[in-house]
Amino acid sequence: MLLARGFTLLEMLVALAVFAVIGIISSQLLTQMISFADTTQSRGERLVNFHRVIEIMRRDFEQMTYRSVRDELGEPTYEVSIGIGNLIEFSRKGWINPNLRHRSETQRVAYDLRGDRIYRQYWSVLDRSPDTLPVEQVLMSGITLASVIAIDQLGSETYFWPPTPEAEM
């Protein structure tokens, strides 16, 4: 008499249960890997953007020059102002002029935090008229706090420049 060879129902159910557990584990692992890849990519993009912002700011600060300008009302302003209207405002040299436009190679630059965004502003002229508006560039979003601190030669810190009697209180 020939015996029928095959799997019993119990063996088949155990095999299906093992394959189901392996399938669930592998799908969870795949889901986590996709989530990790998305998180890594978004953080990488944010890091690249942060490096771009730092490079723009580094160039501006390295080329800073102490040149005062006239504001919209014709009044002279400070060479550098911190905490007065913007985070910081100053003049910088090295504004490349490849089209040979009739303008200075010195540029007035300001950084400002509004909402959750850091803006870089610049003006096409140094001494402004009432209708001169700045060109604004959004450098980065998702910022919760930004401040500029001036440190003098003695190491004293101030959040306002030039120092005012109100700022020293």
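# Reading a predicted model, one feature at a time

Modeller: Let's begin with overall form: the protein has a radius of gyration of 30 Å, whereas a compact globule of 169 residues would have one near 15 Å. The radius is taken over C-alpha atoms, and the globule rule is 2.2 Å times the number of residues to the power 0.38. This is a predicted model, in which local features need pLDDT of at least 70 and side-chain atom pairs count only at pLDDT 80 or more, while totals for chains, interfaces and linings use all residues. Residues are numbered from 1 along each chain as its sequence is written, and side-chain values use heavy atoms, with hydrogens and water left out.

Colleague: Thanks! What does the C-alpha trace span along its principal axes?

Modeller: The spans are about 115 × 50 × 30 Å.

Colleague: How many helices and strands are there?

Modeller: Helices (H or I, at least four residues) and strands (E, at least two) are DSSP runs, numbered from the N terminus. Here there are 1 helix and 8 strands, and along the sequence they follow the pattern α-β-β-β-β-β-β-β-β.

Colleague: How much of the protein is buried?

Modeller: A residue is buried under 20% relative accessible area, exposed over 50% and partly exposed in between, using a 1.4 Å probe and protein chains only. Buried residues make up 23% of the 169 residues.

Colleague: Which residues have the most contacts inside the largest nonpolar core?

Modeller: In soluble globular proteins, nonpolar side chains tend to be buried together. A nonpolar core is a set of buried Ala, Val, Leu, Ile, Met, Phe, Trp, Tyr and Cys residues joined through side-chain atoms within 4.5 Å. The largest one has 14 residues, and V80, I82, I88, F90, Y111, I118 and L139 have the most contacts inside it. The elements giving two or more residues to this core are α1 (9-62), β2, β3, β4 (107-114) and β6.

Colleague: What is Y111 in contact with?

Modeller: Contact means heavy atoms within 4.5 Å. Leaving aside neighbours within four places in sequence, the partners of Y111 include I56, M57, D60 and F61. Others among them are I88, F90 and L139.

Colleague: Now the charged pairs. How many salt bridges does a search of the whole structure find?

Modeller: Side chains of opposite charge can pair when their charged atoms come close. A salt bridge is a side-chain nitrogen of Lys or Arg within 4 Å of a carboxyl oxygen of Asp or Glu. The search finds 10 of them. In one, D127 pairs with R67, and the closest N and O atoms are 3.8 Å apart. That pair links distant parts of the chain, 60 residues apart: D127 is in the loop between β5 (117-123) and β6 (135-141), and R67 is in the loop between β1 (64-65) and β2 (80-82).

Colleague: Are D127 and R67 buried or partly exposed?

Modeller: D127 counts as partly exposed because its relative accessible area is 40%. R67 is partly exposed too, at 32%.

Colleague: What does R128 pair with?

Modeller: R128 forms a salt bridge with E72, the closest N and O atoms being 3.5 Å apart. This pair also joins distant parts of the chain, with E72 in the loop between β1 and β2 and R128 in the loop between β5 and β6, 56 residues apart. R128 forms a salt bridge with E89 as well, at 2.6 Å between the closest N and O atoms. Because R128 lies in that loop and E89 in strand β3 (residues 88-92), the pair ties together parts 39 residues apart in sequence. Salt bridges that share partners join E72, E89, R108 and R128 into one network.

Colleague: And how accessible are E72, R128 and E89?

Modeller: E72 is partly exposed at 31% relative accessibility, while R128 is buried at 9% and E89 is buried at 10%.

Colleague: Where is Q63, and what does Q63 touch?

Modeller: Q63 is in the loop between α1 and β1, and it counts as partly exposed because its relative accessibility is 27%. Not counting residues up to four places away in sequence, Q63 touches S91, R92, K93 and G94. Q63 and G94 are 31 residues apart in sequence, yet their C-alpha atoms are 6.7 Å apart in space.
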